[in-house]
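Student: Hey, can we go through this structure together? I'd like to start with what some of the words mean.
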Amino acid sequence: MAASLLSHGMRRCSAHTCAAAVAVRRGLSSAAPPSVFIRLLLKLNRYFYDVEHIVGWNEWARTKLVRSKNTFFGYAQQRFGDNIGAAYYILTLRGSFRFAGQTEWFRPDSRGRFSYDFMSTPDAQIEEVDLSGTIINHNGLDNLVKQNKLQSLSLRGCPEVDDWFLARLHVFGESLVELDVSHCPCVTVGGLAALQNLRKLQRLDISGLSRLQSPGLVRILLEEMLPHCQVTGAEYEQGLIQPDTREPTEEDHEASANTGVRHL
Amino acid sequence: MRTWPNGLALHCERRVSVKVIGVCVFSLNKNTSLTTIAMWRKLLSSVPAFRAPKAPCRSFKSSSRRAEKDFNKDLEAQFRAFREKAAAAMPGSDWSPFELTPGLPPERADVVIVGGGVVGWAIAYWLKRKERVRDGLRVLVVEKDPTYSQASTVLSCGGIRQQFSLEENIHLSMTSADFLKNINNHLWVVNEEPVDLQFNHSGYLFLASEKSAHIMEENYLTQRHAGAKVALLSPSRLKERFPWINTDGVALASLGLENEGWFDPWSLLNALRRKAVSMGVYQCFGEVTGFRYSSNVAEITDGDFVDVKRIKYVNVQMPNSLEYQPVESAVVVNAAGANSGKIAAMLGIGLGPEESISGIPFPVEPRKRFVYVVHCPDGPGLDTPFLIDSSGVYCRREGLGGNYLTGMSPEETEEPDVSNLDVDYEFFQEKVWPRLANRIPAFEQLKVSSAWAGFYDYNTFDQNGIVGLHPLVPNMYFATGFSGHGLQQSPAVGLAVAELILDGGYKTVNLSAFDLKRIFLREPMLERNIV
């Protein structure tokens, strides 16, 4: 009985620790003061190797899901071909896609289950992909690099999409027409600069990017960098310091239109 | 019990019980101790005079309460002072009866890394990563300047590229880029913010003139073979892609597509340092002024006799003081950057007779390079790559406000003086600006906002890194001489040196081509393009 109590206690403790470690990693960067349990855990982490290991394991466990979802699906690609491998990968991640030449989208249902109808057309290349809300990162893009007819990619609200991911999108430089990176918390200007390799891009959505400090200026610079692209999601006056005294004028598409912006 | 007067008997009984309570809960609860003290006080004051008994449970509510309170406060203060002194004297505090110099390194360390730049801290981090037993290796990093005011790491432009002509350089750079990609998996510390390198993925753009276009094509094949993502552009494609470039005299251009760009070197240095210190690396701010070594005479194959020195102690001198600590160490790593030649000379490398191996000096010396920050409101925009012209001028965007970093490597004959870090603006006016304005016409009108100078740890032999053991000093590893590429290769070099020290050979990246023996065999490994 003591053993079961102990194990129950440890499991509860480890559950607490899980929750705590998650909060340790993410919550401490927020302004809210950490809870008593987290403070105690951090204090113990300084003194005891056991606690340090537990926090480390939890960190590993937390990233395990991301890592396992973003491996290279080599077997599928080798056995069924690149297109089916990519399609299977997208559906496993709970994304959806549409083949070129077809109108219907292949989507998983709310519980992640999907039909295997896509396997009937092994030669069809993928034209539109919707990966919004998935945990894809730059490693997972290995599965999609062979899709050179990809025209539209939506990465709305993906928490693991960062600048390195955007830098890898150069492989779609000849075909990508529409890209949506709105509400991705890890994307910064350095990654948006890498979009210069997507010369065919016509629609780009950069709304809700929290790490951009002057979204209006970034929109101007992107429009200058990609002349045929229509950039949505940021107003020209976003990021200006004195929006009430200055009229939101139509800035011309030059990098010189930054006299009003003092902080970057 | 004997027949005492009533009150005292009562007190006596109470005394026993109070003593028990006092002992059990001493110093856990301030109120309880106050009560105890009050009770003791009551007891002591009541013994000489047979006072009228006061009910014990109400004895702490006496009439002379204020005097009591002051006395209790004093007593509390004295107890607290006593407790603090006791804690200070216990082990675990840093009080000692002898006056100790603060910041001395430990007396003994397994590996001493001379130089606290990005290469030194990368080696320290990887050594700790690879030790199989906790605290199995005591690593000490010795850095001369705590402000890093002259360190090459922080004065660098921060670029990383894979466009080299030597495969080893490409592999080093790619491994480092992979490290930076996953930097938070490597360098995250509990309760600290995640590392943000501010990496700009704009790529490098090399421009080649007619006579070097064939070199660029060969390099392109090497780079693609090694796995780097590079694209070649003809002058017309170049003009279409970057309309602000003047393509006169450009025969071919090479643009890096992935894993190339620039970042903040200070963030990388601090991230490596923070993680290494959290793993138990000792950090000491002091200057290495000498070594104590044991010498043995060895005979080399052609009959010469040389002194082989084995380092026993590293003398670390404290800043602004004559005091030094000899650190007994097994292995010393020379990652001192521009000062590596000085460290090597302390061991007599290069001071022997000229014909012998000990007469060849260590070929790393500081070379000053200038970086100018210019402001040009009509300059190129967000797509500006790190442009490197065939004339040697380089330029990259800095921030979003129309600022650019620019500079050029001077000719061999016109190397500036290295005794200080003063900037020569004439060099910009006469050498850099004309070439820059020729290549980017918008830069004909610009303003120099500021400038700084930094040292390259310049390898005078072949301008590539030197990694490995010296034949005359069998326990000193060298990781220096990167001639401007140290920052971008540092994570991979750290891993390679850690593998060399702990595993005896390279596992991830094979740097045997960068060994010191090429200096003695006089076989330079030259890179075809160097900035």
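Predicted model: local features only at pLDDT ≥ 70, side-chain atom pairs only at ≥ 80, totals over all residues.

Student: OK, so is F114(A) buried or exposed?
Tutor: F114(A) has 19% relative accessibility, so it counts as buried.

Student: And what about Y116(A)?
Tutor: Y116(A) has a relative accessible area of 48%, so it is partly exposed.

Student: How many aromatic pairs are there over all chains?
Tutor: A search of the whole structure gives 30. One of them joins F114(A) and Y116(A), with ring centres 5.2 Å apart.

Student: Which aromatic pair does F370(B) form?
Tutor: F370(B) pairs with Y372(B), and that pair is tilted, at 6.2 Å between centres and 40° between planes. Both F370(B) and Y372(B) are buried.

Student: Back to F114(A): which cluster do ring pairs link it into?
Tutor: A cluster that also has Y116(A) in it, with other members including F73(A), Y88(A) and F118(A).

Student: New topic. How many disulfides are there over all chains?
Tutor: The count is 0. Take C158(A): the nearest cysteine sulfur belongs to C184(A), 5.2 Å away. A disulfide needs the sulfurs within 2.5 Å, so C158(A) is in none.

Student: Is C158(A) buried or exposed?
Tutor: Buried, because its relative accessibility is 0%. In chain B, C376(B) is also in no disulfide, and its nearest cysteine sulfur, on C395(B), is 9.1 Å away. C376(B) is at 1% relative accessibility, so it counts as buried.

Student: Which residues in chain B lose the most area to chain A?
Tutor: H201(B), L382(B) and L400(B), which together make up 24% of what that side buries.

Student: How many salt bridges are there across the interface?
Tutor: The rule finds 3. R134(B) forms a salt bridge with E52(A), where the closest N and O atoms are 3.4 Å apart. The charged end of R134(B) also sits over the ring of Y49(A), 3.6 Å from the ring's centre.

Student: And how many residue pairs are in polar contact there?
Tutor: There are 7 across the interface of chain B and chain A, counting pairs with both residues at pLDDT 80 or more.

Notes: Residues numbered from 1 in each chain as written. Chains lettered and ligands numbered in written order. Heavy atoms only, no water. Phe/Tyr/Trp six-rings, centres within 6.5 Å; stacked < 30°, edge-to-face > 60°. Buried < 20%, exposed > 50% of the residue type's maximum accessible area, 1.4 Å probe, protein only. Lys NZ or Arg CZ within 6 Å of the ring centre and 35° of its normal. Buried area = accessible area lost by both parts, 1.4 Å probe. Salt bridge = Lys/Arg side-chain N within 4 Å of Asp/Glu carboxyl O. Polar contact = N/O pair within 3.5 Å; in protein donor to acceptor, adjacent residues only side chain to side chain.
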